[in-house]
Amino acid sequence: MRAVVYRGIERVEVAEVPDPVLVEPSDAIVRVGLTAICGSDLHLYHGKAPPAPGDTIGHEAIGVVDAVGSSVKRFAPGDRVVVSFDIACGDCWFCRKGQTQLCEDFGFLGYGVFGGSLGGAQAELLRVPVADVNLLAVPDGLEDDRALFVGDALTTGVYAAGLAEIRDGDVVAIVGAGPVGFFCAQAALPSAASVLALDLDPSRLSIAERIGAIPVDVSARNAQTAVDEHTQGRGADVVIEAVGTPAAFERSVDIVRRGGTVVVMGVYTSEVVQAQIGVWWVRALQIRFAGTTPVHAWWKHAMAEVEAGRLDPLPIVSHRLPLDEAAHGYELFDTKQATKVLLTP
Ligand code: ZN
Ligand code: ZN
């Protein structure tokens, strides 16, 4: 089959690789109908958590079940399914609590040895371990390009808004208006008084504005001043950090009000920040580290929101390319010429 293969820093290519096969009786093989490039793929691309050269990458996929192992009960060949980017056992202490991102046997598709050496989703075929847990049926009539995002970024936004426990009247600031920030804004909008989207990229800001968020261009404005203007000088009730850099984290803590909540969604690996614990303590901040999204605990709700039209990913899709043009897609996304790239195998 054809798949996107990691070759080294900022080098990916589409190559012929062996078809995945059923390894465990709980596995399924999915024929991928549509996949996408995610912000976390750029961490690999830049060598922040590099897979081995030759590993297949990608973790967002929707498609049709091609084969199932003997113990798979909920799915059969021909079923249309979306895949969770994080792979959980469904049966350990953490999974049973709904904290599937803390699974004792956690895996991450297409993330090399850091993700448990599972194959990537930017491919024609994908092996999905524990299929009964890590696949979700797609309702008839719901298009692939809307449902795809339920396996990753869209459900991440729903999870972030859920962690933030937004109350009516809250002013919510989203630091970073990329795809995850977009979904955080969309999920926060119904329960917030207003949502401010902070970014420096004009196309991201205009997409955020189109769905009803207030764009704040942090290349032209001081973030704190802009947030203060909307909150009588208090700061935001809730800040969702959706970038994953120390600067974004520090900005988030700066713009939250006293007693407010910061939800840290951005992906971190080995970054270090200086913590002024006394300042945070006296400000009575709640800082909630999201970790990886426990997709399984939130995706049924997210799928229902997409089906009802309350969450709509299409505004962020800027490019649709054949899988063979994946390397070009990575370049477009990396240089911010694309807001989201879909790939069709
Ligand atoms: Zn992702
Ligand atoms: Zn588990």
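**Exercise 1.** Determine which residue of strand 11 is the bridge partner of Val175.

*Solution.* The bridge partner of Val175 in strand 11 is Leu198. Next, strand 10 (residues 171-175) and strand 11 (residues 194-199) pair in the parallel sense over 5 bridges; two strands pair if DSSP finds at least two bridges between them. Strands (E, at least two residues) and helices (H or I, at least four) are DSSP runs, numbered from the N terminus.

The model is predicted: local features need pLDDT of at least 70, side-chain atom pairs count only at pLDDT 80 or more, and totals for chains, interfaces and linings use all residues. Residues are numbered from 1 along each chain as its sequence is written, chains are lettered from A and ligands numbered from 1 in the order in which they are written, and side-chain values use heavy atoms, with hydrogens and water left out.

**Exercise 2.** Decide whether Ala226 is buried or exposed, and list its contacts.

*Solution.* Ala226 is found in helix 8 (residues 223-229). Its relative accessible area is 1%, therefore Ala226 is buried (under 20%; exposed is over 50%, partly exposed in between; 1.4 Å probe, protein chains only). Not counting residues up to four places away in sequence, Ala226 touches Val216 and Arg221 (heavy atoms within 4.5 Å).
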